[in-house]
Amino acid sequence: MRLAGIDLGNDSIKIVYDGTNEPITVPNIVTPGYDRHIFQEEDAPHKALDVTVYSPALTLNNRRWFVGQLATELEDSSELEETDNKALSDQSLIVALTALAYSGITAPSYSPPSYSQADEVELVIGTGLPVRTYAKYRESFEQRLVGEHEIVFHSTPQLHGRKVKLRIRKAVVSIEGAAAIFNLATHDNLQVRDEEIYGGVIGVCEIGALTTDLPVIRRMAIDNHFSYGEQMGLANYLDPIRREVEDQFGYAFPSRAKLAQRIKQREFVIQRIGEGQATIKPIVDTYFSRAAVRIVDLIKKRWKKCPDIQCFYVIGGGAAALKPYLIEAAGPVKLRFVPDSELQNVLGYVKVARSRMNQGAFAEMTN
Ligand SMILES: Nc1ncnc2c1ncn2[C@@H]1O[C@H](COP(=O)(O)OP(=O)(O)OP(=O)(O)O)[C@@H](O)[C@H]1O
Ligand SMILES: [Mg+2]
């Protein structure tokens, strides 16, 4: 049985298998699927995830979906909104199950069962929820994930017609941001790597697409009193950028994900209809500076309320996006950034799940 960490991000789902350090990322975006006309088949499965998903946990069950990259190009795709709760969201579960099924059967270590027509993937997963939803939704989230799900691939290259039975045996749910700190504090073998983080009082600001989590970690335990979360993330700034680019230049990004991709690759020049080009950099600067001021404000308030915080880590994809703006907005207040900041949670989820398994919780579960 394999162990995987999965971060059900509102922007993208990230998966890391225990023992590998290669993350699999699938944009959290879907659109209803149909028989598509294919002029040239895509060169990798993740570029055209076309699936039917069955799961006892889904309301929209047994339907066909285009998932991830294939959906980012289509205008009728849906991306998550502030009111969506990832513990209950059908969309997030559809993307998560699809991503687990495809990564499970394309892994080099996978061997299909000889006795059955269907592929089988069996997993223990580590995952997480935001600070604000953790206590209330942890149990129902766990229940939605654990069990048997079925994913059938249609026009996906290399996977045509494959049917995957995905069994999730156990889900260990951590808190977003806190798991990231656990990852930073420990080596792969779970031994302490950073004494300051492991034994100290650490502030975290984890900037996601729709939520920003500010857990306070005291000697590796979450501080119940000072930890909190905001229903706000980078998407609240990406969406107005998208609207303003459209108003100013008549250029419409088909999805939030498309705009985010552009900013990530620092390609700010857009091609207008006709021969003109324009740069969207000034619009991005305006909104990202505003976002940074707001985030720094949250951090300062937290630090004032809990003055024994020794240092503040700013992580999540939003930290990568906003880094220069945050540094400017923070002035003399020192913030810590880390590389691969959007992967720190999922790396932490794998470690938390593994340490839980090592403590014999797994034996308990299988009895
Ligand atoms: N290197 C980068 N440069 C610019 N933007 C980035 C970068 N990495 C991630 N982003 C953007 O930052 C935002 C947050 O990314 P992240 O992966 O942390 O979100 P998420 O975990 O999917 O969302 P949430 O935590 O709200 O569930 C997204 O909109 C993403 O597109
Ligand atoms: Mg996140």
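**Figure 1. Helix α9 gives four residues to the shell around ligand 1, the largest share of that shell.** The view is taken from a predicted model. In total, 22 residues surround ligand 1. The closest of them are G9, D11, G208, A260 and G317. By residue class, the shell around ligand 1 consists of nine nonpolar, nine polar and four charged residues.

**Figure 2. Helices α6 and α7 cross at roughly 95°.** Two packed helices are described by the angle between their axes and the distance between the axes. Here the axes of α6 and α7 come within 10 Å. The crossing angle lies in the range of 65 to 115 degrees that counts as roughly perpendicular, so α6 is roughly perpendicular to α7. On the α6 side, the contact is made by A235, L238, D239, I241 and R242. On the α7 side, R256, L259 and A260 take part. Five residues of this contact are nonpolar and three are charged, while no polar residue is found in it.

**Figure 3. Nine strands form an open sheet with mixed pairing.** The order of the strands is β3-β2-β1-β7-β9-β8-β5-β6-β4. Strands β3 (24-27) and β4 (30-32) are the edge strands, and each pairs on one side only. From one strand to the next, the twist averages 35°.

**Figure 4. Strands β6, β5, β8 and β9 are joined by antiparallel pairings.** Strand β5 (residues 49-54) pairs with strand β6 (residues 63-67) over five bridges, in the antiparallel sense. In this part of the sheet, V51 stands opposite W65 of β6. Strand β5 is also joined to β8 by four bridges, and these two strands run antiparallel. T52 has V152 in β8 as its bridge partner. Six bridges then join β8 to β9, again with the strands running antiparallel. Across from E150 stands K165 in β9. In a regular strand the side chains alternate between the two faces of the sheet.

**Figure 5. Helix α2 (residues 90-106) lies across the strands of the sheet.** The strands that α2 lies across are β1 (2-8), β2 (12-17), β3, β4, β5, β6, β7 (119-129), β8 (147-153) and β9 (163-175). Relative to β9, helix α2 runs at about 115°.

Figure 6. Taken along the principal axes, the C-alpha atoms of the protein fill a box of roughly 65 × 65 × 30 Å. The radius of gyration is 21 Å. A compact globule with 367 residues would have a radius of gyration near 21 Å, so the value for the protein agrees with that of such a globule.

Note on methods. Residues numbered from 1 in each chain as written. Chains lettered and ligands numbered in written order. Predicted model: local features only at pLDDT ≥ 70, side-chain atom pairs only at ≥ 80, totals over all residues. Near = placed C-beta within 6 Å. Nonpolar A, V, L, I, M, F, W, Y, C, P; charged D, E, K, R; others polar. Axes fitted to C-alpha atoms, helices over the stretch in contact; angles between N-to-C directions. Parallel < 35°, antiparallel > 145°, perpendicular 65-115°, else oblique. Contact = placed C-beta atoms within 7 Å. Pairing = 2+ DSSP bridges. Rg over C-alpha atoms; globule rule 2.2 N^0.38 Å.
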